[in-house]
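Okay, thanks for making time, everyone. I'd like to walk you through one model this morning, so let me put it on the screen.

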Amino acid sequence: MHNFDLFQIEKSLEQEIKSINSLKELESLRVKYLGRKGIINQLTSKLALLPLEERRLQGQRINLLKEKLISIFSSKEDQLKLSSEIKLVPVEVGLPGIIQSLGKIHPLNKVIEEICDVFLRMGFSIAEGPEIETEYNNFTGLNIDLEHPSRDVFDTFYIEDQNLKFKNQNLLLRSHTSPVQIRVMKERKPPLAVIVPGKVYRPDAIDASHSFMFHQIEGFLVDKDVKFSDLKGTLYLFAKEIFGKDIKMRFRPHFFPFTEPSAEVDISCIICKGKGCYVCKRKGWLEILGAGMIHPQVFRNVGYNPIHLSGFAFGMGIERIAMLKYGIDDIRLFFENDLRFLEQF
Ligand code: PHE
C-alpha cells in the first residue's frame, strides 16, 4: 500500500461529500468510510499481512488518515445542521409587511410651499429673517413712528430685559415679516423681487381665529418704473394659481405707514362664489392680504433714492389662506399636533 493510495481516499471523500445534502446521506457515507466494514477498517485488517516494521508505519498513516476523515465528517455535519436551522425560520411571504407610518408635510408648510412656488415661477427669490428683531427693523425703518397710533395695530411682544439689546436698540418678537424688507434692501441693490415666509408674533388672546404666533409671507419688488398695475397683475396671478382661475379680486383703499398708496385685497368668496355665506359674513368677499407701493421714506431709510426707484410690497397671513383653502374653521387645529387633523393633508 502506498502513501498515494491513502491520499486518494481522502480526495475521493472530499469529492463525494460535496453532493451530500442531509444528515442521513452523511451517515451512510460515514459508514462507507469509517464503518465496521468501511474503507478504513478494510485497510487496517490488511495490516496483519505486513512485516512488523512496515505494519507500524502503515498503521500510523492509517490512523492519521482516519483522524482527517473524522474531522471532514464533523465539519460537514456542523454545516448541514446550521443550514437546516436557517431553513427552519418560517418566512410567510404572503403576509403583509410591517406598516411604516410616514410623516407628512404640515398643512401650513404645504400652503407656504405652494405660494412660494407660484412666486418662484414668476422670478421671485426667497429670503428669511430672524424672529427676534430690532425695534428699528420692525417699526422705525418701515416708517412706523414710535408714537404713531398705527403702532398699536402691530401690538408687540417686547423683550423686556434691558441687558438684551442689539446696538443699543430694543429687541422684540417681530410682529410682521416686513422688517425683512429693510434687511434685504440694505444688503442688496435693485432690481429685487423677493418673498419672505416666516413666523410672526402678536400678543393676541387665543381663539378660533387668533393665535399669538402665526405665519406670514411678505413679498416685495423694487425696480425702475414699477407701477400699481404691476402689483395688481402679480397678485391676481397669485390668486388664480392658489384659488382657481375663476377667482375675482378687489382692492380697497387702506393705510399702512410703509406703503403709499396702500390697499387691502379681497378675493371673491371661495365658498359661495360671491353670493354671500357665513364664511364671508354675507359680503361675498374675503380679505386675504395687505399691499401697496413702497413708501419713499422706506427707500430713504435703506439708502435708496426714491426719485429713481419704485416698488410694491404685500403681506399675507398663511393660516387664514390655509383655512379658506381647506375649509378649516379653527386656527388652533394647526398647532395642537392632533394626528386626526394632520393626517388629512
Ligand atoms: N405687514 C403688514 C401686516 O402685517 C402687511 C403688509 C405688508 C402690508 C406689506 C403692506 C405691504 O399686516
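Quick housekeeping before that. This is a predicted model, so local features need pLDDT of at least 70 and side-chain atom pairs count only at pLDDT 80 or more, while totals for chains, interfaces and linings use all residues. Residues are numbered from 1 along each chain as its sequence is written, and side-chain values use heavy atoms, with hydrogens and water left out.

The space it takes is the largest pocket. By pocket I mean, on a 1 Å grid over the protein atoms alone, an open set of points with protein on both sides within 12 Å along at least five of seven lines; a molecule sits in one if more than half of its atoms lie within 2 Å of its grid points.

Who is around the ligand? There are 14 residues, and His176, Ser178, Arg202, Gln216 and Gly315 come nearest. Being around it takes a heavy atom within 4 Å. Now some polar contacts, meaning pairs of N or O atoms within 3.5 Å; within protein, one must be able to donate a hydrogen and the other to accept it, and residues adjacent in sequence count only if both atoms are side-chain atoms. The side chain of His176 has an N or O atom 2.9 Å from a ligand nitrogen. Ser178 also puts a polar side-chain atom 2.9 Å from a nitrogen of the ligand. With Arg202, the side-chain N or O atom is 2.9 Å from a ligand oxygen. On its own the ligand exposes 330 Å², and the protein buries 92% of that; those areas are Shrake-Rupley, with a 1.4 Å probe.

Which elements give two or more residues to that shell? They are β7 (213–223), β10 (285–294) and β11 (310–317). β11 gives the most, with 3 residues. Helices here are DSSP runs of H or I, at least four residues, and strands are E runs of at least two, numbered from the N terminus.

Okay, salt bridges. I'm counting a side-chain nitrogen of Lys or Arg within 4 Å of a carboxyl oxygen of Asp or Glu, and the total is 16. Take Glu10 and Lys68, at 3.4 Å, N to O. They are 58 residues apart, with Glu10 in helix α1 (residues 3–17) and Lys68 in helix α4 (residues 52–88). On accessibility, buried is under 20% relative accessible area, exposed is over 50%, and partly exposed is in between, with a 1.4 Å probe and protein chains only. Glu10 is buried at 11%, whereas Lys68 is partly exposed at 45%.

Next, Asp266 and Arg250, whose closest N and O atoms are 2.8 Å apart. Asp266 lies in strand β9 (residues 259–268) and Arg250 in strand β8 (residues 249–256), so this pair ties together parts 16 residues apart in sequence. Asp266 is buried, at 2%, and Arg250 is partly exposed, at 30%.

Where are the cis peptide bonds to look at? One joins Pro190 and Pro191, with omega about 0°, and Pro191 is in the loop between α8 (179–187) and β6 (192–201). Another runs from Glu260 to Pro261, with omega near -5°, and Pro261 is in strand β9.

Then there's Asn168, not a glycine, yet with a positive phi of about 65°. Asn168 sits in the loop between β4 (165–166) and β5 (169–173), and is exposed at 69%.

Notes:
1 Å grid on protein atoms, 1.4 Å probe; cavity = no way out; pocket = protein on both sides within 12 Å on 5 of 7 lines; lining within 4 Å.
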